[in-house]
Amino acid sequence: MKSSLSDTIWLSEKRKNLLLLLVEGPRNIDQIKTSLNVTSKAMMPQIKILKEQDMIIQNENDDYELSDVGKIIVMNMSPLLKTLEVIEENREYWATRDLTAIPEPLAYRLGELGQCMHIEPDLNHMFELPVEFTENLIRSKDVKMFASYFHPLYPELFSEILEKDIRFELILTDSVLDRMKNDCLDNLQLLMSSENTQLYVCDDSIKLTTVSVTERFTYISLFNKDGRYDHRKIMSFDDSARIWGEELFSYYQERSRLLEDI
């Protein structure tokens with residue numbers, strides 16, 4: 001009696017890894033052994049099971065490849081595995097975040113963030129911007145940034161972005177804009193006068209802390225479940241994270257108004 005398809009996939013790490021490998025294209029047994037670091041003796045029984053379940057086939061060149069059914073299954077299984085990996089890598093962070101700031105379609109695609117760096121400053125650096133963030137930001141050509149809180153180092157950072165002629169799209173909440181008007185009006189006027197900068201404003205009800213996206217990385221911070229900002233961030237350099245981050249930024253950009261004068 002055949003096992004269920006679910007058991008076939010999830011009860012064997014070797015079978016699961018083989019299915020994911022074959023997404024990239026057909027492989028012969030030697031390539032499979034090398035890629036998965038397994039022996040023929042360990043792998044052949046798993047291949048037999050997958051063939052019996054009509055998930056893989058052996059083509060005329062004796063290479064193994066996904067069947068039509070196998071392709072459908074694995075293409076739906078990959079996003080789940082990626083999501084599990086992202087959450088597992090920083091489980092405590094994601095479990096304590098208020099995820100309502102992420103629109104549902106993007107929350108379901110959290111796995112696209114890929115390999116993430118969790119940034120949590122120690123007490124001596126609590127009120128500094130992370131070096132990983134600032135150094136990569138000023139090397140970028142195109143910066144999209146959302147900020148719902150005023151950081152005392154933002155004016156200096158914004159000035160550096162302007163000096164380097166970086167294309168800059170910035171979304172501020174109403175309260176952050178007011179703070180900049182009161183505390184650093186000159187800096188705000190420079191932003192407004194720059195041909196490379198577009199400045200947007202949204203209301204204070206948005207629960208997202210900050211997101212920055214460039215061609216190099218995606219950087220995101222979320223309030224915790226108590227609605228507090230605890231200086232913890234997630235940063236990813238994966239291409240899929242950049243696309244995900246741009247969609248998140250666009251979501252909030254569409255809910256903001258272009259600031260044309262102050």
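Which residues does Asp230 touch, not counting residues up to four places away in sequence? I took this as the opening entry, working on a predicted model.

**Entry 1: Asp230**

I located Asp230 in the loop between β8 (218–222) and β9 (233–236). Setting aside residues up to four places away in sequence, I found that Asp230 touches Arg97 and Asn224. With Arg97 I noted a polar contact, side chain to side chain, at 2.8 Å.

**Entry 2: Asn136**

Is Asn136 buried or exposed? Its relative accessibility is 12%, and because buried means under 20%, Asn136 counts as buried. I followed its side chain to the backbone oxygen of Glu132, which it reaches at 2.7 Å. Beyond its neighbours within four places in sequence, I listed Arg216, Phe217, Met235 and Phe237 as the residues in contact with Asn136.

**Entry 3: α10 and α11**

I examined the pair formed by helix α10 (residues 174–183) and helix α11 (residues 185–193). Their axes come within 5 Å and cross at roughly 115°. On the α10 side I recorded Leu177, Met180, Lys181 and Asp183, which meet Leu185, Asn187, Leu188 and Leu191 of α11. Sorted by class, this contact has five nonpolar residues, one polar residue and two charged residues.

**Entry 4: the chain as a whole**

The secondary structure of the protein chain comes to twelve helices and ten strands. Is the chain compact or spread out? I noted a radius of gyration of 24 Å, well over the 18 Å that the globule rule gives for 262 residues, so the protein chain is more spread out than a compact globule. Along the principal axes, the C-alpha atoms fill a box of roughly 75 × 35 × 35 Å.

I then looked up burial and found that buried residues make up 47% of the 262 residues. The protein chain exposes about 14,200 Å², of which carbon and sulfur atoms supply 49%. Lastly, I checked the sequence range of the contacts: among those with a separation of 6 or more, residues 24 or more positions apart account for 72%.

Key:
Residues are numbered from 1 along each chain as its sequence is written. This is a predicted model: local features need pLDDT of at least 70, side-chain atom pairs count only at pLDDT 80 or more; totals for chains, interfaces and linings use all residues. Side-chain values use heavy atoms; hydrogens and water are left out. Axes are lines fitted to C-alpha atoms, for helices over the stretch in contact, and angles run from 0 to 180 degrees between N-to-C directions. Helices (H or I, at least four residues) and strands (E, at least two) are DSSP runs, numbered from the N terminus. Contact means heavy atoms within 4.5 Å. Ala, Val, Leu, Ile, Met, Phe, Trp, Tyr, Cys and Pro count as nonpolar, Asp, Glu, Lys and Arg as charged, and the others, Gly among them, as polar. The radius of gyration is taken over C-alpha atoms; the globule rule is 2.2 Å times the number of residues to the power 0.38. Buried means under 20% relative accessible area, exposed over 50%, partly exposed in between (1.4 Å probe, protein chains only). Accessible areas come from the Shrake-Rupley method with a 1.4 Å probe; for residues, only the protein chains shown count as cover. A polar contact is a pair of N or O atoms within 3.5 Å; within protein, one must be able to donate a hydrogen and the other to accept it, and residues adjacent in sequence count only if both atoms are side-chain atoms.
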